[in-house]
Each structure stands twice: as C-alpha cells, then as structure tokens.
Amino acid sequence: MSTAVAAEFRFFSLRVVRTRRLGPSLVRVTFGGEELRDFHSDGRDQSLSLFLPHPGQDAPAVPVELGDGWWQGWRDLPEDVRAVMRSYTLRELRREPDEIDIDFVLHEPAGPASGWAARAAAGDRVLLIGPAVADNRAIRFRPPADTDLMVLWGDETAVPAVCAIVESLPAGTRARVWLEVRHFGDIQEPVTEADAEITWLVRQDQGAEGSPMALDALRDAQLPPAEHPYVWIAGESGCVKALRRHFVGERGIDRRRVTFVGYWRHGLTEEQLRELGE
C-alpha cells in the first residue's frame with residue numbers, strides 16, 4: 001500500500017508499460033498500475049517526482065514504510081542504494097486503462113535518469129510522487145482569465161509541458177510559442193484548436209546548453225498586439241531568468257503575469273540543486 005506524503009500528493013507504485021522513441025534526444029515512457037486510479041491532475045505542466053532504481057536493482061529503494069519520515073530515511077541510505085530522484089512534468093494522463101506518459105531527454109554522457117530511460121523495458125518498476133488532488137500546488141501554468149495572448153518558451157526539458165499546454169488551448173486562443181531542441185529530429189507537431197504559431201529553434205552548437213539562441217529569437221520577434229498577455233517560460237534556469245528580464249524589463253509585461261520555472265541549471269546535477277535549496 002502506498003504511503004501518503006501530504007493531502008495533495010502521494011506515492012504511486014508503477015511499472016513501465018511501453019516505450020517509444022520520439023527523436024534523437026527524446027523517449028516517451030508509458031507507466032501503468034492499479035494505483036493510478038487515485039492519480040488526479042487538471043494541470044498541463046504538472047510536476048512529478050520520479051524515483052528510479054540503480055542498475056541491478058529490481059525496484060527503487062525508498063523507505064515509504066516510514067510514513068512522513070521517508071525523506072530522511074531515503075537520504076540516510078547509501079548513495080549507491082537509495083533511489084535516483086528526478087523531477088519531471090506529466091505529458092499525458094489517460095483512463096481505461098489508467099496510464100501516464102513521461103518524456104525523458106537522452107544525452108551523453110548519460111546521467112542516471114537518462115541511462116535508465118534508454119534501457120527502460122516493459123515491467124520495470126518505479127515509484128512516483130504525484131497528485132491525488134486535481135488542482136494542486138505543483139501546477140504552475142495559470143493564465144489569468146483576461147489573457148488575450150499566450151507567450152510560451154521552453155527548452156527540450158519543457159517540451160512535454162509546452163506541447164501539453166498548447167494541445168489544451170481552446171479555439172480562439174492566440175499563442176506564440178518557441179521551443180529549443182538539440183536536433184531537427186526532436187521537432188514535434190502538437191495538434192491544437194488554438195491560433196498557435198510554434199517556432200522550433202535547433203541549436204547548432206550541440207554543447208551549448210542554455211544558449212542565447214532563445215533570447216535573440218525573442219528579441220527579434222514581433223508579438224501580436226495584446227492588452228493582457230501571459231508568459232510561461234521553463235527550462236535551464238539561467239536562460240529562464242534572462243528571458244524573464246526581457247519580458248518584464250524590455251517588453252514591459254507585468255511581472256505578475258510572467259510564470260518562470262527553472263527545470264535545471266547548467267553545470268549542476270539535481271542532487272546539487274537540491275542541496276542548494278533550488
């Protein structure tokens with residue numbers, strides 16, 4: 001039985017159902033399990049915490065039996081034993097059967113999560129902290145009701161969230177979207193009823209993580225006139241902060257209407273970011 005983490009979130013014990021390569025840098029892993037009947041989310045950028053086993057382990061090592069003490073118990077486990085913890089966004093939730101999709105970025109040299117995703121096969125076990133309440137604090141995309149223009153940017157780590165957002169936008173919604181990826185083969189074609197113009201930026205320098213490419217493209221962009229725009233930007237934290245300064249400082253958009261999320265930080269692992277409290 002899964003242990004509650006908080007009223008809004010809980011542990012879910014899941015297994016891989018299938019995997020599908022989306023491009024040179026992206027793989028989609030579909031998870032299933034009976035416990036997903038209690039998984040609920042209305043968000044298109046729903047954040048999740050995923051626990052993965054190390055090579056040779058049958059399941060991720062997380063002491064869920066400790067209840068609220070699981071975190072300290074997990075931290076106390078040897079580094080090569082305790083489950084790898086990574087943050088992801090939900091790509092899609094489906095019913096009948098209950099399944100969720102999570103898209104992973106593959107890179108070289110492979111980190112523990114990238115390596116796991118590249119090897120993932122049906123039946124592999126994982127543990128997830130996800131929402132038990134559909135409207136929860138791990139949803140960041142919250143455009144005000146008077147929004148008359150959506151402006152979205154993300155790098156490859158935010159492609160799942162941005163695509164899910166774009167696909168959810170109703171007819172009549174104006175959206176201008178920029179997505180930055182490593183390879184032409186990573187470009188996707190989200191289907192939407194919105195008036196969405198999507199620009200894909202492919203980095204020429206494959207080592208240029210968080211490159212200035214996005215900032216240059218957005219500075220040159222002519223946005224449609226709007227009285228109440230809403231901006232959502234996510235990806236490498238340094239690039240996200242630079243883009244926020246652009247929208248607020250250079251374009252004069254109310255900072256309260258700019259949602260920015262640093263999914264990762266150049267040069268640091270997620271463990272190091274966690275130690276820094278970011």
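Trainee: Which residues does Asp-101 touch, not counting residues up to four places away in sequence?
Mentor: Keep in mind that we're looking at a predicted model. Asp-101 sits in strand S6, residues 99-105, and counts as buried at 3% relative accessibility. Leaving out residues up to four places away in sequence, Asp-101 touches Arg-28, Val-29, Thr-30, Leu-90, Arg-91, Glu-92 and Arg-94.

Trainee: What separates the C-alpha atoms of Asp-101 and Thr-30?
Mentor: Thr-30 is on the contact list of Asp-101. Along the chain the two are 71 residues apart, but their C-alpha atoms are separated by 4.5 Å.

Trainee: Now Ser-41: is it buried or exposed?
Mentor: Ser-41 lies in the loop between strand S2 (26-32) and strand S3 (47-52). The cut-off for burial is under 20% relative accessible area. Ser-41 has 16%, so it counts as buried.

Trainee: How many Å apart in space are Gly-23 and His-183, C-alpha to C-alpha?
Mentor: Gly-23 is part of strand S1, residues 9-23, and counts as buried at 12% relative accessibility. Not counting residues up to four places away in sequence, Gly-23 touches Gly-185 and Asp-186. Gly-23 and His-183 are 160 residues apart in sequence, and the C-alpha to C-alpha distance is 8.0 Å.

Trainee: Stepping back, what share of the contacts in the chain with a separation of 6 or more comes from residues 24 or more positions apart?
Mentor: The chain has six helices and twelve strands, and buried residues make up 51% of its 278 residues. Among contacts with a separation of 6 or more, residues 24 or more positions apart account for 70%.

Trainee: Which residues of H3 are buried?
Mentor: Helix H3 covers residues 159-168, and eight of its ten residues are buried, so it is largely enclosed by the rest of the structure. Those buried residues are Val-159, Pro-160, Ala-161, Val-162, Cys-163, Ala-164, Ile-165 and Val-166.

Trainee: On to H5. How far does it reach from its first C-alpha to its last?
Mentor: H5 takes in residues 237-250, 14 residues in total. At 1.5 Å a residue, 20 Å would be expected. The model comes close to that, at 19 Å.

Trainee: Which residue caps the N-terminal end of H5?
Mentor: Look for a side-chain oxygen facing the backbone nitrogen of Gly-238, at 2.9 Å. The residue that supplies this oxygen is Glu-236.

Trainee: Which elements do the buried residues of H5 pack against?
Mentor: The buried set in H5 includes Val-240, Leu-243, Phe-247 and Val-248. The buried residues of H5 pack against strand S8 (149-155), helix H4 (213-220), strand S11 (229-236) and strand S12 (258-264).

Trainee: At roughly what angle do the axes of H4 and H5 cross?
Mentor: In H4, Ala-214, Leu-215, Leu-218 and Arg-219 meet H5 residues including Cys-239, Ala-242 and His-246. H4 passes H5 in a right-handed crossing. The axes come within 9 Å, and the crossing angle is roughly 20 degrees.

Trainee: Why is H4 called roughly parallel to H5?
Mentor: Their axes cross at roughly 20 degrees. Angles under 35 degrees count as roughly parallel. That crossing therefore makes H4, relative to H5, roughly parallel.

Definitions and conventions. Residues are numbered from 1 along each chain as its sequence is written. This is a predicted model: local features need pLDDT of at least 70, side-chain atom pairs count only at pLDDT 80 or more; totals for chains, interfaces and linings use all residues. Side-chain values use heavy atoms; hydrogens and water are left out. Helices (H or I, at least four residues) and strands (E, at least two) are DSSP runs, numbered from the N terminus. The expected span of a helix is 1.5 Å times one less than its number of residues. Buried means under 20% relative accessible area, exposed over 50%, partly exposed in between (1.4 Å probe, protein chains only). Contact means heavy atoms within 4.5 Å. A polar contact is a pair of N or O atoms within 3.5 Å; within protein, one must be able to donate a hydrogen and the other to accept it, and residues adjacent in sequence count only if both atoms are side-chain atoms. Axes are lines fitted to C-alpha atoms, for helices over the stretch in contact, and angles run from 0 to 180 degrees between N-to-C directions. Angles under 35 degrees count as roughly parallel, over 145 as roughly antiparallel, 65 to 115 as roughly perpendicular and the rest as oblique. A crossing is left-handed if the near helix is turned anticlockwise from the far one by less than a right angle, and right-handed if clockwise.
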